[in-house]
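Keep the viewer open as you read.

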Amino acid sequence: MPNTLLDVDLKNARVPQIHNRWHPDIPPIESVDIGDTWRCESVDWTGGQIGNNDSANDVRDVQLTQVHYLTGPVRVNGVKPGDLLVVDIADIGMLPDSEWGFTGIFDFNNGGGFLCDHYRDAGKMCWDFEGIYAKSRHIDNVKFAGLTHPGLIGCAPSMKLLEEWNRREAKLIATDPDRVPPLAAPPTTENAWMGQMKGSDAENAAKVAVRTVPGREHGGNCDIKNLSRGSKVYFPVYVDGANLSFGDIHFSQGDGEISFCGAIETAGWIDFHVDVIRGGMEKYGVKNPIFKPGPVEPRYSEYLVFEGISVDEQGDQHYMDATVAYRQACLNCIEYLKKFGYSGPQAYMLLSTAPVIGMVSGIVDIPNSVCTLALPTEIFDFDIRPNANGPTSKSRGKASVCS
């Protein structure tokens, strides 16, 4: 059993081994050697803002300037810029005092989500874990195996890379600065937590430190569900020691995490092992992380696959727009599930959490991209396939929704 290098306090997320911004000067809280294996714990991505209850008010009122709460950084001695840091995710588990998770729809004015034009009000479902399975009192007749993974993991950026991120994201924001939801999340000192940095050093760094919302060249918030037990990740290194951090543990997630707070969010722990490939960035032409999926995943054999094309809800044609096409695939699946008695918010959050498979199936046939969403039928305890008798509609529980 690996030693716990960094632990967390579920009642106090703001401890020195936690930070919620990316900046090269955030000092490592611990160091390891190449070849070491160790365990780190993580709070949920909101730092405990969401409760295990039947109200969505806490999702509605989440302070997004607080997120994400990351454990680290951990320095890997001897690793240099230009190397590839090889990170093995040996194992993942839940903290004994936090064996539950939550899923949310964010309010339109507070982050929204992939389908925010259709689901503008905050919603929530809470999940209980039964070994590898998840069930929720907020949605009936559903149970599925989770593919647990860190939604967010990455190495520290160099100052040059940080400045490039701020430049290009500020340029995007300037195209529509008053947009709701916003185009990007710029730096802010509000609720910034810079780990061990204190006083004016922390405040000055927070003015330019980037938010952890998107994935970038260093990894970050990529929300890749297959980054689970047994995975191997090759991270580009930009600073001495790499300074690895992680957080945002997901018990389960569907491809796209479409409702934004869309996985089964939880606290937990991860066992890591590290190695290095000297000069690997140039040697292999690596700009963004590469990963090899692990051998552990839910084994569902039957799916219903929903298609979407680059034609939006208003009937307007878009040119080869995979985002529009995937949105249509999701909306088509939600409409189908509603025929069986599920509410729109229930179906929306289910697609965010269950191990659905999203694919860009066609990207060459002008003017339509074709995207698909594959829904495993075996997660339901009734037959959800189309048949001549039509769907059986009944009440399927109730998600918590603000209005």
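A salt bridge here is a side-chain nitrogen of Lys or Arg within 4 Å of a carboxyl oxygen of Asp or Glu. Keep in mind that what you're looking at is a predicted model. With that definition, a search of the whole structure turns up 17 salt bridges.

Start with D240 and K80, which pair up with their closest N and O atoms 4.0 Å apart. D240 sits in the loop between β14 (232-236) and β15, while K80 is in the loop between β5 (70-77) and β6 (84-94), so this bridge ties together parts that are 160 residues apart in sequence. How accessible is D240? At 41% relative accessibility, D240 counts as partly exposed. K80 is partly exposed too, with a relative accessible area of 42%.

The loop between β5 and β6 also holds D83, whose partner R278 lies in the loop between β17 (268-277) and α4 (280-284), so parts 195 residues apart in sequence get tied together. For D83 and R278, the closest N and O atoms are 3.0 Å apart. Is D83 buried or exposed? D83 is buried, because its relative accessible area is 5% and the cut-off for buried is under 20%. R278, on the other hand, comes in at 44% and so counts as partly exposed.

Next, have a look at R216 and E169, whose side chains meet in a salt bridge at 2.9 Å, N to O. R216 belongs to strand β12 (residues 215-216) and E169 to helix α2 (residues 159-174), so to speak a link between distant parts of the chain, 47 residues apart. Both R216 and E169 are buried.

Now for the serine. S245 is part of strand β15 (residues 244-250), and its relative accessibility of 1% makes it count as buried. What does the side chain of S245 pair with? It makes a polar contact of 2.8 Å with the side chain of H19. Leaving aside residues up to four places away in sequence, S245 touches H19 and several others, including W22, L70, T71, I153 and G154.

At 47% relative accessibility, I363 counts as partly exposed.

Definitions and conventions:
Residues are numbered from 1 along each chain as its sequence is written. This is a predicted model: local features need pLDDT of at least 70, side-chain atom pairs count only at pLDDT 80 or more; totals for chains, interfaces and linings use all residues. Side-chain values use heavy atoms; hydrogens and water are left out. Helices (H or I, at least four residues) and strands (E, at least two) are DSSP runs, numbered from the N terminus. Buried means under 20% relative accessible area, exposed over 50%, partly exposed in between (1.4 Å probe, protein chains only). A polar contact is a pair of N or O atoms within 3.5 Å; within protein, one must be able to donate a hydrogen and the other to accept it, and residues adjacent in sequence count only if both atoms are side-chain atoms. Contact means heavy atoms within 4.5 Å.
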